[in-house]
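This report turns to pockets and to backbone geometry. Please keep the sequence and the model in view while reading.

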Amino acid sequence: MSKTTAMNEELASIAGLPEFSAQCLPGHFYTSAEYFAYEVEKFLSKEWHCLGRADEVARPGDYFTTTLLNEPLLVVRGDDQRIRVLSNVCRHRGMPLAEGSGSTRRFVCSYHAWSYNRDGKLANAPRMRDKGVTPDTCRLPEFRSEIWNGFIYVNLDDDALPLAPKLQRLEHLLQNYQTAEMRIVHVVEEEWRTNWKCLVENFMEAYHLSIVHPETLHPYTPTGLSRKSMSDDAFTSYCANYPDDIPSRGSGAPTLTEEERKRSTLFCLFPAQVASQAASLLVSFSLQPVAVDLIRVRWTMSTFGDELTKDEIDQRIALWNEVNREDREKLEKMQKALGSRHAPSGPLAPKDYEGTIWDFYRYLARKVAPPPVMKLAAGIGA
Ligand code: FES
Ligand SMILES: [Fe+2]
């Protein structure tokens, strides 16, 4: 039996445990380069990934670049107002066309000056007319993309099923926040030396909040008040409830209930978007796996209307930078220890604190192994 097959069986048996006896995945799921390559091929390259927020490219010609699973991407709003996710690789000899973010009428390659319109169509290729390179024959390839609740998603698989129909329950969870109306105030892209699953799990469990973040998060979202919330095949979530005696953090959308104003709703849209939605603040992390022990984290902060002052926004950014520093220090140390032959498969905490991790394992197991009913059908047909 191959190592990957053996690990898939191990994953299936752990994901099959009942919730009250749930266990962690052992260390090699986070440190095996072979298994990471398998995850990329088997499902990461076929799933929908959040890239950022639609209002990062608010006007025609606005763009940003990023990279997902080795694909250089160019996210740009066209003259028709449509946001496209294009290949950021020149069709001549492969130079990246744009870097960072900005706004432009045309993308001009820095190598031999081929230029492209905002919809990816070639505009001009100097001295190439006799070679048959024309706007009718040449354009930047476009990837499948969708906008949902103001987030931009891409799928590198042309045959993927649409995303939005899978998100009805998550839509229900978020609807009162008016997530689509949140306005971008901050974008960061950074590298963390951890396995992508470790950051998903860390972001989605409340068990560590009061320990790792005693001064930053504990006063607002102590571990003890956290409660598991909705989940289904596409996502998991929990509510980080605020104590009664803390000052309001802004009232957000008029549609919110008082309970919703007094908590942050944290969700993971499988596989690799994690986000915290509060009344007046939305923070979303797009995790871009690079290697078994390395991820690029592109995170955005958005606010509701103009409720927060510039100073308050700066304070929230500083707070999140500190929270990230606290988490990152733990995850980067743990990544090294997970290579130990004694890395454990310890018990998960009760569901309000680590039940989201159990949901995540079940998602992973669905992705790598066909459901039993399909095996049975294959058996009957054989
Ligand atoms: S590589 Fe872009 S014009 Fe040559
Ligand atoms: Fe944390």
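What follows describes a pocket and then some backbone features.

This is a predicted model, in which local features need pLDDT of at least 70, side-chain atom pairs count only at pLDDT 80 or more, and totals for chains, interfaces and linings use all residues. Residues are numbered from 1 along each chain as its sequence is written, and side-chain values use heavy atoms, with hydrogens and water left out.

Of its 22 lining residues, Cys24, Glu201, Glu205, Met334 and Glu354 are the closest to the centre; a lining residue has an atom within 4 Å of a point. Helices H5 (196–204), H6 (209–212), H8 (310–337) and H9 (351–368) each supply at least two residues of this lining, helices being DSSP runs (H or I, at least four residues) and strands likewise (E, at least two), numbered from the N terminus.

Most residues other than glycine have a negative phi, and most peptide bonds are trans.

| Residue | Phi | Relative accessibility |
|---|---|---|
| Leu69 | near 50° | 14%, buried |
| Gln81 | about 75° | 43%, partly exposed |

Buried means under 20% relative accessible area, exposed over 50%, and partly exposed in between (1.4 Å probe, protein chains only). Leu69 is in the loop between strands E2 (62–68) and E3 (71–77), whereas Gln81 occupies the loop between E3 and strand E4 (83–87). The peptide bond from Phe270 to Pro271 is cis, with omega near 5°, and Pro271 sits in the loop between strands E14 (263–269) and E15 (273–277).

Key
Chains are lettered from A and ligands numbered from 1 in the order in which they are written. On a 1 Å grid over the protein atoms alone, a cavity is a set of points where a 1.4 Å probe fits but cannot get out, and a pocket is an open set with protein on both sides within 12 Å along at least five of seven lines; lining residues have an atom within 4 Å of a point.
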